[in-house]
Amino acid sequence: MTKKREERLAILTKTDAPLWEQGIAFAGMDEAGRGPLAGNVVAACVIMPASPLLPWVDDSKKLSPQRRDQVYDEIMETALFVGVGQASPEEIDAINILQATKNAMRRAAENAPASLFLIDAVTGLGLHGEERGIIHGDAVCYSIAAASIIAKVTRDRQMEELDQLYPGYHFSQHKGYGTAQHIAALKELGPCPAHRRSFIGKFV
């Protein structure tokens, strides 16, 4: 492991290390896909062991797609628990993105053997343990960063599948976000079943 990676892991595990030492059963939670115009919002709940530390766990946005895929596999092999929850475009339209995100998080955490949940920014979920919201948690907490990778890769793969189902929108490229390419396709083709109607009113 490089010196830079060691320093990064030292920062990321400052929240996790004392909890591991105390023997507290805790999970990290994060979501992906609150902002896009299409696709599910996906949440992940991950319980990571104190050892081995995975050197490339980091905020998913800081990793290349290839690196995210690699670390996703490492997390799936190493984690003590991985839960994934999601909410569909229809659910997002029905109850709004914040409430749908909370539902996805509840689903992800439902079977987690944890008494403490470290959550990126969101609280008030009503989980079966203490909830601790951490601002920019995916950048400062190892367990939340691991959850951010699981959520991001899961969602990106879903968008690649949607690209096959609904060709012409280029979902595999922009992952549903409101890029110029996506908006142009939306105006030309109209919405498909993967679109969030409450997000696209000004484009169609």
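Modeller: Accessible areas here come from the Shrake-Rupley method with a 1.4 Å probe, and for residues only the protein chains shown count as cover. The model is predicted, so to speak of a local feature requires pLDDT of at least 70, side-chain atom pairs count only at pLDDT 80 or more, and totals for chains, interfaces and linings use all residues. Residues are numbered from 1 along each chain as its sequence is written, and side-chain values use heavy atoms, with hydrogens and water left out.

Colleague: What share of the accessible surface of the protein chain belongs to carbon and sulfur atoms?

Modeller: The accessible surface of the protein chain comes to about 9,300 Å². The share that belongs to carbon and sulfur atoms is 53%.

Colleague: What is the radius of gyration of the protein chain?

Modeller: The radius of gyration is taken over C-alpha atoms, and the globule rule is 2.2 Å times the number of residues to the power 0.38. For 204 residues, a compact globule would come near 17 Å. The protein chain agrees with that, at 17 Å.

Colleague: How many helices and strands does the protein chain have?

Modeller: Helices (H or I, at least four residues) and strands (E, at least two) are DSSP runs, numbered from the N terminus. Along the sequence they follow the pattern α-α-β-β-α-β-α-α-β-β-α-α-α-α. The protein chain comes to nine helices and five strands.

Colleague: Why is strand S1 described as largely enclosed?

Modeller: Buried means under 20% relative accessible area, exposed means over 50%, and partly exposed lies in between (1.4 Å probe, protein chains only). On one side of S1, Phe26, Gly28, Asp30 and Ala32 are buried, and on the other Ala27, Met29 and Glu31 are buried. S1 (residues 26–32) is largely enclosed by the rest of the structure because the number of its seven residues that are buried is seven.

Colleague: Which strand runs antiparallel to S1?

Modeller: Two strands pair if DSSP finds at least two bridges between them. Four bridges join S1 to S4 (residues 116–120), and these run parallel; Gly28 has Leu118 as its bridge partner in S4. Five bridges join S1 to its antiparallel partner, strand S2.

Colleague: Which residues does Thr101 touch?

Modeller: Thr101 is found in helix H5 (residues 97–109), and at 1% relative accessibility it counts as buried. Contact means heavy atoms within 4.5 Å. Not counting residues up to four places away in sequence, Thr101 touches Glu31, Arg34 and Val41.

Colleague: Is Ile149 buried or exposed?

Modeller: Ile149 is found in helix H7 (residues 142–165). Residues touched by Ile149 include Val57, Leu63 and Tyr72. With a relative accessible area of 0%, Ile149 is buried.

Colleague: Which residue is joined to Ser51 by a cis peptide bond?

Modeller: Most peptide bonds are trans. Here omega is about 0°, and the bond is cis.

Colleague: What is the phi of Ala121?

Modeller: Most residues other than glycine have a negative phi. Ala121 lies in the loop between S4 and strand S5 (130–134), and at 46% relative accessibility it counts as partly exposed. Its phi is positive although it is not a glycine, at about 75°.

Colleague: Is His136 buried or exposed?

Modeller: His136 lies in the loop between S5 and helix H6 (137–140). Its phi is positive, near 55°. At 57% relative accessibility, His136 counts as exposed.
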